[in-house]
Structure formats: structure tokens, C-alpha cells
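Me: I am new to this structure and would like a close look at a single part of it. Please take me through that part slowly.

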Amino acid sequence: MNAIMRRALTGAMAISLAAPLAACGNDQQDTGAGKDSIGLLLPESKAARYEKFDRRIISSRIASLCLECKVDYRNAEQQVDAQKSQFEALVKKGVKVIILDPVDAQAAKSWVDSAAKKGVKVVAYDRLAEGDVAAYVSYDNEKIGRLQGKGLLAALGSQAASSDVVMMNGSPTDPNAPSYKKGAHEVLDGKVRKIVFEKDIPDWSAAAAKKEMGDFVDAHGPEGFDAVYSANDGMAGGIAAALKSAGIKNVPVGGQDAELPALQRLVAGTQSFTIYKEVRPEAETAAEIAFRLLRGKSIKPLTSATADNKSKSGIPAQLFKAQIVTPKNMKDTVVRDGAVRIDLLCAGLAAECKSLDLE
């Protein structure tokens, strides 16, 4: 091989090696890179559902609808700035549809509006983001709040009218939290003696709920309340721990999400009820809406309702129904649907499960 040929081959190899490297380096700026991608941005991993169910179900459904499609997934771990960066990176990459469960719905408005101007469709998932969203998939959150209120009244029974209630509400940055609170108040107000303490818990923090509950018990004693409303199961776990530390038993505590630890507390008798929201229909519907938007198809068959945020009305929406789960109907709800395995549910609780016919 002569010197000229060697130089030519060397140059060709250098070009061929440099090309993929350059492509990798410019991936975030390739506006065509996301033409078959659907972004999925979830808010945190403290609640077990997001990583265990939502992400997997959405990804699986999209894969079944579209072999060439890719789910570009990120989790913000409850950090608004992180989610903003993740969202903007997807837009820069060229992703045209993003499923967004916002950490802070109001903060997301500027990103959503900016993306919409670039033709990016945002599917608000579980929480209704502010801004020009294309669709919304969730549950009727005021109804969930009313279910929580009804669950607490049922747990109090004939003592409800003379009972004092502590309310631990959800995070102020979550647009669902005020709806849960409103629905719960609609049921509880006038049906219990008094709401003696009420607090919005930042980031749905179980540790913060535990501290607030402990501080209330220290200040008012074990006789200062008769039941506790908790907006979700994670906080209910912190509340149950605070009550246990204070030696307080047989106080009704409610929650939401039907997480495994909460279901185990139902079996053990340290939580009275939870709210079961089937993740699968919510997640699969969001996935199919995202796919249809990506392909320019109508989403009308999948959006039987509408929703309004502060900046847009008439957003196409699908709102699912939830149900109360108690120890008595657990077998015919979460167990029947496969949301929880009996061997996991009953680990360390064999006698209690037997008494509930959960063997």
C-alpha cells in the first residue's frame, strides 16, 4: 500500500469515527431526534406507585401501540428546578409530546406555554399543570376528598358528631391537594364537632406529618382529638408512627393511594381506610392519548370530560373514579385486582390476615 492510499484510508477512518461522536455530542440539539419519542416526567419516587406502576405501565402501553416509539423518562425527585431542566431538555431534543406530572403545577406554566408555542403537546398526568396543556388524565379529586371524608365518618360511626378531627392536607404546590381538602371539608364540616388543627404539609412529607402530629399530641394530649384525616398514605404512615410513639391506639386515620405499607396498616388496625385509584387505566389512557397526539390523531374518544386550569378552559380530560378500601372490602378490591400480593400483604400479619379471610 503506497503512502497516498494510506493517507486516504486514515482520513476516511477519522471521518467515520468522528461522525458518531459528533452526533452524540449534538444529541440535545438535534430537533429531529425526538420525532418518535414521548417524554415522561414524573415528580418523585417517595410514593411507590410512580416507579413501580406508572412508569412501567405507560412505557409498556406505548410500546404496544408503537414499535418504533421510545419513552424518554426522567424523575424530578421532588425538585422543581430539576423538572424544569428535564422538560426543557426534551423540548430542545425535539420531543413533540410530553406526559407531565408536575412537581409544582404553577411553576410549570411558563415551560408548558413556551413548549406549546413550539408545537409541543403536553399531557398533564395525575396533576393538572398550569398553562396551555393539550389533555389531562387523572381522577376526580374533589370526589376523592369526599370519599376520604366519608371514610373518616364511617370509621367514627355514631361518635362522629362529637368528634374533633386533625387534618393533614397535601402539598401546597400540588394542584390536587386543594381539591382533596375541599371535598373532605364538604363532607366533614357540620358532621364532626370541630376541625381542631389543620396543616398543609410541604412535599407530602411523612416526616413533617409525623412531627406535626407529635407536636399536636404534646401540646393537647391524647384526648385533644378523635380522628386524623391524612391526604395520602405516606403521611398517614408518619402520623401512625407519631401516635404509636405517644401510646395512642384506636384513633381512626385515613389516607389515599392504597400503598402496600398502608394496606398492611389496615390489616394491623393502625389505619382505618385508604383510597384506591387504579393506576393501570389512568396510565394506559395517558399513554394512548400521548401516542395519538404524536401521530396527529383525534383524542376525543379518550376524553369524555373537560377540565379548567387558571389559564385555559375546556381542556380535554379523562377523569376516573376511585373507591374506599377498608379491611372488610380489601379482598374484593386491591387483592382481586392484583394491586397487591397476599404474601406481601400478610408478611408478619398471618393471624390478622386469617381473621380477614385474606389467606
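What span should the 14 residues of α3 have at 1.5 Å a residue, and how far apart are its end C-alpha atoms?

Reply: This is a predicted model, in which local features need pLDDT of at least 70 and side-chain atom pairs count only at pLDDT 80 or more, while totals for chains, interfaces and linings use all residues. Residues are numbered from 1 along each chain as its sequence is written, and side-chain values use heavy atoms, with hydrogens and water left out.

The 14 residues of α3 should span 20 Å at 1.5 Å a residue, and the end C-alpha atoms of α3 are 20 Å apart, which agrees. The expected span here is 1.5 Å times one less than the number of residues in the helix. Helices (H or I, at least four residues) and strands (E, at least two) are DSSP runs, numbered from the N terminus.

Turning to the sides of this helix, Q83, Q86, F87, L90, V91 and K93 are buried in α3, where buried means under 20% relative accessible area, exposed over 50% and partly exposed in between, with a 1.4 Å probe and protein chains only. As background, an α-helix has 3.6 residues a turn, so residues three or four places apart point the same way.

What does the buried side pack against? The buried residues of α3 pack against β1 (37-42), β2, β3 (97-100), α4 (109-117) and β4 (121-125), where contact means heavy atoms within 4.5 Å.

Q83 is found in helix α3, which covers residues 80-93, and Q83 counts as buried because its relative accessibility is 0%. Leaving aside its neighbours within four places in sequence, Q83 is in contact with L41, L42, P43, A76, L100, D101, P102, V103 and W111.

Finally, the end of the helix deserves a glance: α3 is followed by G94, whose phi is positive, near 105 degrees.
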